[in-house]
Amino acid sequence: MDLFSFMEQKEKDRESPLASRMRPSSLDEVVGQEHIIGKDKLLYRAIKADRISSVIFYGPPGTGKTTLAKVIAATTKSNFRQINATSAGKKDMEDVIEEAKKNFAGYGKKTILFIDEIHRFNKGQQDYLLPFVEDGTIVLIGATTENPYFEVNGALISRSHVFELKPLTKHAIKELILRAVNNKEKGMGSFNASIDDDALEFLSEMADGDARTALNAIELGILTTERSNDGIIHISLDIASECIQKRVLKYDKAGDNHYDTISAFIKSMRGSDPDAAIYYLARMLSAGEDIKFIARRIVICAAEDVSNADPMALVLANAAAESVERIGMPESRIILAQAAAYVACAPKSNSSICAIDECLESVQNEHINTIPPHLMDAHYKGAKKLGHGLDYKYAHSYKNHYVSQQYLPDELVGRTFYRLSEIGYEAKLKEYLEKIRREAE
């Protein structure tokens, strides 16, 4: 780099956003993610020893995926190249591969290729990288906000270590904010600013684990707030709340957070917690989730987790599913809340799903093809000669419309698949069955 290029880069660095300027240049400057870069962890040791192998960093925005890649770039002796999957094409990858081959052949120098938002590459683009990752031409570092097990080529996954980055803790966000306010070299220290304790608490909470959100807010606050009479820029709670506006929703209908939230919603209904169920419902509605999708999950939960302990749960869930299609938002929020609350409060039983799954397993593994002859169809000529339908007892001809006879195949006689619970309406069904069976003896 010549002098003019160097000065141009320095000026660009000064003008870049605070979140970019504050990126750590070494592992010791990184805040948070101790579960993967603690000093006793594999990734920390690999970076320190410059022995990094192909990795995929996965986590929400602002948790440090690009930061870790930049730290690796600053510490490695390998050639480091970066592309963004939103704008890069196959030609960009071909250029990197060609350069990597020359560097390794001519100088014995490895190439690390960092691909930001790797989930944006289609299958063909990801497949192109595979042989070069496999033969060591490049060491791949991928960064993604999407679950890589859904979005990244399985072959690339199998050749990489996947590290999940978590949302930063409030304590970590506070540390980053204070560092940004006071750091004169890369931060806002030269502005002579301070942040009130309640503003610091508020920003660290509202950032919701996203360092970039917090740093953008504090930068905006310092740049737009006038100095007080003491010559200091005071970031108060009011200023902080103006700068961050509101908490960022961590929800992507196409990503794994979508599945995490619907999972929490279903488990809250199953766990008989209507408060949690309606809370997760609100999160999905606020994020623009498809109301028909939510309604379908309530219907499934009513059948799977309530079952015949309260048959009305399925009736109500189905009515809700039909209603939201006709009515739409915002009124459908009320219908969905009613249905979710009912399913959450209803007595629970998983008798139906257990029975059908156990029967399916039996059908698939035990290969029983027989049916008791007296249950076979007798409505055709010649059925009696085959013994089909003979000695069948018509239940309605007996007391309580019940008669004891064999219904399961011979191999399964004595097996019980459907086990009624002692909960809700199932207790009444169980009592009734026991009564009619006892009186038929």
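Modeller: Let us begin with one residue, and please keep in mind that this is a predicted model. Leaving aside residues up to four places away in sequence, I177 touches I195, L200, L203, S204, A214 and I218.

Colleague: What makes these count as touching I177?

Modeller: A contact needs heavy atoms within 4.5 Å, and I195, L200, L203, S204, A214 and I218 are counted as touching I177 because they meet that cut-off.

Colleague: Which core does I177 belong to?

Modeller: I177 is in the largest nonpolar core, which has 31 residues, and it is listed with I195, L203, I218 and I222 as having the most contacts inside that core. Among the elements that each supply at least two residues of this core are α10 (170–182), β6 (193–195), α11 (197–206) and α12 (211–224). Apart from this core lies another, of 30 residues, including F293, V324, A340 and A344.

Colleague: Why are the residues of such a core called buried?

Modeller: Buried means under 20% relative accessible area, and membership of a nonpolar core requires it, so every core residue falls below that cut-off. Over the whole chain, buried residues make up 42% of the 441 residues.

Colleague: How many helices and strands does the chain have, and why is it called more spread out than a compact globule?

Modeller: The chain has 20 helices and seven strands. Its radius of gyration is 32 Å, whereas the globule rule gives 22 Å for 441 residues, and because the value is well over the rule, we conclude that the chain is more spread out than a compact globule. Along the principal axes, its C-alpha atoms fill a box of roughly 105 × 65 × 45 Å.

Methods
Residues numbered from 1 in each chain as written. Predicted model: local features only at pLDDT ≥ 70, side-chain atom pairs only at ≥ 80, totals over all residues. Heavy atoms only, no water. Helix = DSSP H or I, 4+ residues; strand = E, 2+ residues; numbered from the N terminus. Rg over C-alpha atoms; globule rule 2.2 N^0.38 Å. Buried < 20%, exposed > 50% of the residue type's maximum accessible area, 1.4 Å probe, protein only. Core = buried A, V, L, I, M, F, W, Y, C linked by side-chain atoms within 4.5 Å.
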